[in-house]
Amino acid sequence: MTSGLSRRDFLKLTGSIAALSAVNCLGLDLVPVARAAERLKTAGARETSTICGFCSVGCGVIVHTSTSNGKVQSIEGNPDHPINRGTLCSKGQALYELANNNRRLRSVLYRAPGSDKWEKKNWDWALREIATRMLKARDKTFKVKDKKGIVVNRTEGLAQLGGAALDNEECYLLAKLARSLGIVFLEHQARI
Amino acid sequence: MTNSWIDLKNADVILVCGANPAENHPVSFKWITAAKDKGAKLIVVDPRFTRTAAKADTFARIRPGTDAAFFGGLINYIITNKLYHEEYIKNYTNASYLVNPGFSFKDGVFSGYDEDLKSYDYDTWTYQLQLNGEVSKDTDFNNPNCVLELMRDHYSRYTADRVSKICGMSEDSFKKIADAFCRTGKPDRSGTILYAMGLTQHTTGTQNVRAAGMVQLLLGNIGIAGGGLNALRGAANVQGSTDFGLLFNLLPGYLNMPLASKHETFSRYKDAEVAKSGYAVNKTKWFVSLLKAWWGEYATEENDFLYEFLPKLGDGYDKSGYSWVPLFEAMYADKINGLLCWGQNPVLSGPNANMTAAALTKLDWLVVSDLFETETSVFWKRPGMKPEDVRTEVFLLPAAASFEKEGSVTNSARLIQWMNKAADPPGEARPDLWIIDSLFKALKDAYSQEATAKFSEPLLKLNWDYGDDEPDPHLVAKEINGFTVTDKTQIINFTKLSDDGSTMCGNWIYSGFYPGDKKADNRAAQTDTSRDPDKLGLYPEWAYSWPLNRRIIYNRCSANAEGVPYDKRRMLVSWDGAKWVNNDVPDFSIKDVAGAIVTPDKTAKSPFIMLPEGQARFFIPDGLIKDGPLTEHYEPVESPSNNLLSGQQNNPLVKIWQSDMDKMVEPGSSKYPYIGFTCRVAEHWQTGSISRNLPWLAEMMPEMFIEISPELAARHGIENGNKVKVISPRGEVTGVAIVTNRIKPFELSPNAPEAVSMPDHYGFVGYVTGGDEDKDYSANQVTSNVYDPNTGMPEYKAFLVDIRKVG
Amino acid sequence: MATAMLVDVSRCIGCRACQVACKEWNLRHAERTQNQGSYENPPDLSAQTWTRVAFIEEAVGDEVKWQFRRVLCQHCTDAACEQVCPPKAISHRLSTAVVIDAEKCTGCKYCISACPFDVPRYNVQTNTVEKCTLCVDRISNGQIPACAKVCAPEAVMFGERSIMVAIAKMRLGKLKKRGFKDAGLYGEKELGGLGVMFLLTSSPSFYGFPEKPTVPLSVNIWQDVFKPMIAVAGGGAGLAALVSLLGSTGYKGSQRGQGSQRSQGDEGSRGDKGKKQSE
């Protein structure tokens, strides 16, 4: 989805800076220095607005992607975002390297018991194998009733962690799925 | 946060205690600086001189683990000098309530303590009731049993002199800060407190935060623009993940998970959990709508909406519940078969990291979904471990980054914002939503084929249809918002939820963020900044803030009983004599069910709508906070000092684990004489699983370092840049010594302890690691498993260590 | 139109977003670094690092001060590098930015020796000298430099020069009132006016700036005497003479020494390892 946000001009940015610096009385009468304009590396790129994935300030970023190959060309602060107004910290400004990073995981990996290496696997295999193991572990440890005869429908043999790096829709489905399985060892970053 | 990032600009005084926003939330300094431009004062209280401290008007060093004493001192200062906002505490808090005369406090312990069980009986932690059942009050604050007088007495022990010795802060500094901050008790002055893990990561974490909150209530700083008690939360969506109940004791929307001991049936759950007064009387509606969202048509009034399908919590591992530490203690004791780990790296982020890694070897299998190879996913090849000895199977699933998928995230200020997809994830990486949806489908398949599967109904009957192949995040978002069952109409907000099964809602507090069927109805995706009433920075049409798009919660308190704003320049809600005129969404009813206007007097005594009392609590009744109805300072479990305030050295409810990997240091140990604590830097993120793989960040902070004072360095012959080792009985960590005047011993505290500061970002895989392939790579190899009895938060911020030069 | 960048050290929080923004926009590689007992890294400017932040720590009695000072090209009006460049690869663009044209640069490094601020760096791979361009590509498209855009506390600003000066003077007044007696604006007049001005809370030398930067005498001699000679003689003799002349000023050592020693001293006693890295 394209944000519709285009390049901010010089005037607007410096204007907002001045306003915040309590010197707006001085006014800024700047015009774009269009003489001898060079082609920007982001010229013609698709612009998509999204939210930085690092901390909880929730800064807006604009991702510039190539219209020919879909590659991320630049990620910068969204000047229209009321919290960060185009600014970012060093981490947010480094997001480009998360998009263009040869260390990112590109396939499912599996490590067999006792093995010292990863094996590449496909999704179908992995999901099936994981589901089988979850079913087995749940069955082995599932408690319908506790010692007092109270219906508890829980398993203490499965545990789940994580969520703060995921979005709300993902967190919601994680909670829904985990509780339907009877998982009670359910924790994440917020605890620690 | 009660308030917001932008709202920081409205403050007159900003007190940062237990947070480091210049490093951990750098963009917040746009607004802190904006406040300073208008003359605001920035006060920073921290064990070390941070980048935030570098910008402070006033900085004071505080010994780790003594924040409750510092805030207790402020409470005493406020009450003794009568700097509290009297009208505010009379109307908006329980300061005037009379407390059970049987309640008492002696030598660090509240009434009802059982030393053998290490627990409290809460019988005396109650209000005095009149015959009609209402709470007895003394609004003149004369009765010695009224809350304000109990506080006057309780906190009188927190004298400036004593606080100064406990905190290792000069009396002068303390008084200067007290004077500067407590001036905000005036109605037209706003003071905000910013905190983060510096307050929470203690065995007294709840005490610390509560005491800070009490300061803010006394000064009338809650519910106003430029005020509040603001938790600067960590991860991009840690607020959201908490809101969605990814904690053992919670369901989405802060509904409690049922307990086997109290909630065996639906009616018992309702009896125990649904409030008798306040807005939470509606809890059944939220709970039933959640059960409907989960089990759809199968959940009916006749079957109690399938309440039985929800797991019921037992006592947990070693009678300690199911939170983080008990989870890993159970795993280490070989009680857990498999672990699913979604975008988290516990091998580095958990306390006692050597134990965490050892615990993972006891698993049959481990599933990790992440962007990079993390220390958790390759724990089997961690330095010193032999892969052939580790039988755990590991599945590592490649996930998509935030800008490679669509969905909503909630920032620290409860602001729900929509992320748009900008690029495809690399290779076969997939959004977690797809992975979870596919896993559900695989599980359903497996359970359908397995005739003997135990109690498979809750999974097989789960209401789950978000698309055949690619799950649609908008469908999930709409379910979270809620809709009517019969015609699937999105509901406007949670006031339309019902308890008869006619509505479904995945998380009631989010209800209102997606009130219509079209994508244009998604209010998280709103991007209009043209409206900014009174230039307060509320921006009501930018994204959506839960609950009900309210930007500053408890905002009824910004106006007096008659509805007149305490500060016109910072008006949030205002009664003009005939109607309410508001800049923010009011946190109270302005119209009744019939649509008639509600006059200010009706809400003048109940601005805290979620509490049954309607008024904020200085005194917390009934053991809702387990370790005390008022706050009290206790020393960290590992401390170089005796408690100068009472004979009770540590939080009386603290649990010491007994496994062979849970070794603790006795107070005042000569073998481990220094105070260790963990910290963070601007250039890295959490366990570094992302940031240590981004070369531009890695080049700025390439390896593990340890900050110490020149005095401590001299004592051990350490020079700046030397390799050093920090040692605790749990483990060791190696790093480069930064010898700096930013770290100083706490000379005023007993034994003048030295401090050792360690970032917790480093590990053993990635573009950069802890350094030199040493097996001691993480600060959490030296931290311990003791934690706050209320929150389960480990004590990362105060423990005892030794240090020595390597080689 | 005259433009300028204003860097206000009183507002800088040392988050180093500017350092990354520069690398992001100009696609500079990360360097392999080590922790040298300091937060500072990379330890010096390079062909890959056009700006960095110096962390200056100072013990004042029982107190400590920690300041963050950006290091980058100052874009002098009287730019020694421009004057000294044999192939005229260096020029003023858009009236303020001093830019090296990589096509014309021959890698002779004269600019490196001439710079009063020790900024240009040689790139072995390309045999060119590189430094901050003031994001001239962005400016010419009506956008402010990447490092100015990214700065949350508005410690880095860019705009019309007269307005930058006015903002700086207003802030300077406030700083003086807050007790910063030695605060000052650096670059308003120096070397004909610097394109990158600094609002400082202590003396320029405290931050490693020359108190009174000048175009080195050698550059003037070069301009008047040697450059015509090279043009005539084809280079050899003139070059040798110049190198010896620049060497004799002792210029480079003293300037760089000042900068790094300050931060070494301030980070406690940075080890020998650190010194080697930055020198």
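How many of the nine residues of strand E25 (residues 731-739) of chain B are buried? Eight are, and the strand is mostly covered; buried means 20 or more other C-beta atoms within 10 Å of the residue's own, exposed 12 or fewer, and partly exposed in between, with C-beta atoms placed from the backbone.

The model is predicted: local features need pLDDT of at least 70, side-chain atom pairs count only at pLDDT 80 or more, and totals for chains, interfaces and linings use all residues. Residues are numbered from 1 along each chain as its sequence is written, while chains are lettered from A and ligands numbered from 1 in the order in which they are written.

**View 1. Strand E25(B) with strand E23 (residues 705-708) of chain B.** The two strands run parallel and are joined by four bridges. B:Ile706 lies opposite B:Ala737 of E25(B). Strands (E, at least two residues) and helices (H or I, at least four) are DSSP runs numbered from the N terminus, and two strands pair if DSSP finds at least two bridges between them.

**View 2. The hairpin of E24(B) and E25(B).** Strand E24 (residues 723-728) of chain B pairs with E25(B) in the antiparallel sense through six bridges. Two residues separate the strands of this hairpin. B:Ser728 has B:Gly731 as its bridge partner in E25(B).

**View 3. B:Ser111 in a loop of chain B.** The loop runs between strand E5 (109-110) and strand E6 (113-114). B:Ser111 counts as partly exposed because it has 17 C-beta neighbours inside 10 Å. Not counting residues up to four places away in sequence, B:Ser111 touches B:Gly102, B:Phe103, B:Ser104 and B:Thr124; contact means C-beta atoms, placed from the backbone, within 7 Å.

How values were computed:
Two residues are in contact if their C-beta atoms, placed from the backbone, lie within 7 Å.
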